[in-house]
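Have the viewer open as you read, and follow along residue by residue.

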Amino acid sequence: KGILTPEFVGRLRRLNEVAASRGQSLAQMALAWNLKDDLVTSVIIGASSTAQIDDNLNAVRNTSFTREELDLINEIIGI
């Protein structure tokens, strides 16, 4: 059974909606989510172009999450 099950794709779509409401791409929100904790000082990115690096760097413009956003993300990912 592959990882791209209908349930998994549905979760990705919901996460993408949360990201869009924050004015971010899903990749930017994922980086911001990892950086939201002050104990995390860096994340490793995988970029194959300068455009992807620029896109990733834009994630640091919004690393704050509302309690509602965090609750929704946790619900979606099953935490």
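## The end of the first helix

Helices here are DSSP runs of H or I with at least four residues, strands are runs of E with at least two, and both are numbered from the N terminus. This is a predicted model, in which local features need pLDDT of at least 70, side-chain atom pairs count only at pLDDT 80 or more, and totals for chains, interfaces and linings use all residues. Residues are numbered from 1 along each chain as its sequence is written, and side-chain values use heavy atoms, with hydrogens and water left out.

Helix α1 itself has 16 residues and reaches 23 Å from its first C-alpha to its last. That is close to the 22 Å expected at 1.5 Å a residue, where the expected span is 1.5 Å times one less than the number of residues.

## Overall layout

The chain holds four helices and zero strands, so to speak an α-α-α-α order when read from the N terminus. Its C-alpha trace spans about 35 × 30 × 25 Å along the principal axes. Of the 79 residues in the chain, 23% are buried; buried means under 20% relative accessible area, exposed means over 50%, and partly exposed lies in between, with a 1.4 Å probe and protein chains only.

Contact is counted when heavy atoms are within 4.5 Å. Among contacts in the chain between residues at least 6 apart in sequence, 63% join residues at least 24 apart.

Which residues of α1 are buried? They are L15, V18 and A19. Seen down the axis of α1, the buried residues fall within an arc of 100°, so they line one face of the helix; the arc is taken from the directions between the helix axis and the C-beta atoms. The face turned away from this buried side carries the exposed residues P6, R13, E17, A20 and S21.

What covers the buried residues of α1 includes α2 and α4. Leaving aside neighbours within four places in sequence, L15 is in contact with L26, M29, I73, I76 and I77.

In α2, the buried residues are Q28, M29, L31 and A32. They cover an arc of only 160° around the axis, which puts them on the same side of α2. These buried residues pack against α1, α3 (50-57) and α4.

The largest nonpolar core has nine residues in all: L15, V18, A19, M29, A32, F65, L70, I73 and I76. At least two residues of this core come from each of α1, α2 and α4. A nonpolar core is a set of buried Ala, Val, Leu, Ile, Met, Phe, Trp, Tyr and Cys residues joined through side-chain atoms within 4.5 Å. In soluble globular proteins, nonpolar side chains tend to be buried together.

## Charges and rings

The charged end of R22 sits over the ring of F65, 3.8 Å from its centre. K36 lies over the face of W33, at 4.1 Å from the ring centre. A charge counts as over a ring if NZ of Lys or CZ of Arg is within 6 Å of the ring centre and within 35 degrees of the ring normal.

E69 is found in helix α4 (residues 67-77) and is buried, with a relative accessible area of 17%.

S25 is found in the loop between α1 (6-21) and α2 (26-35). Its relative accessibility is 27%, so S25 counts as partly exposed. With neighbours within four places in sequence left aside, S25 is in contact with A19 and D55. S25 and N58 are 33 residues apart in sequence, and their C-alpha atoms are 9.7 Å apart in space.
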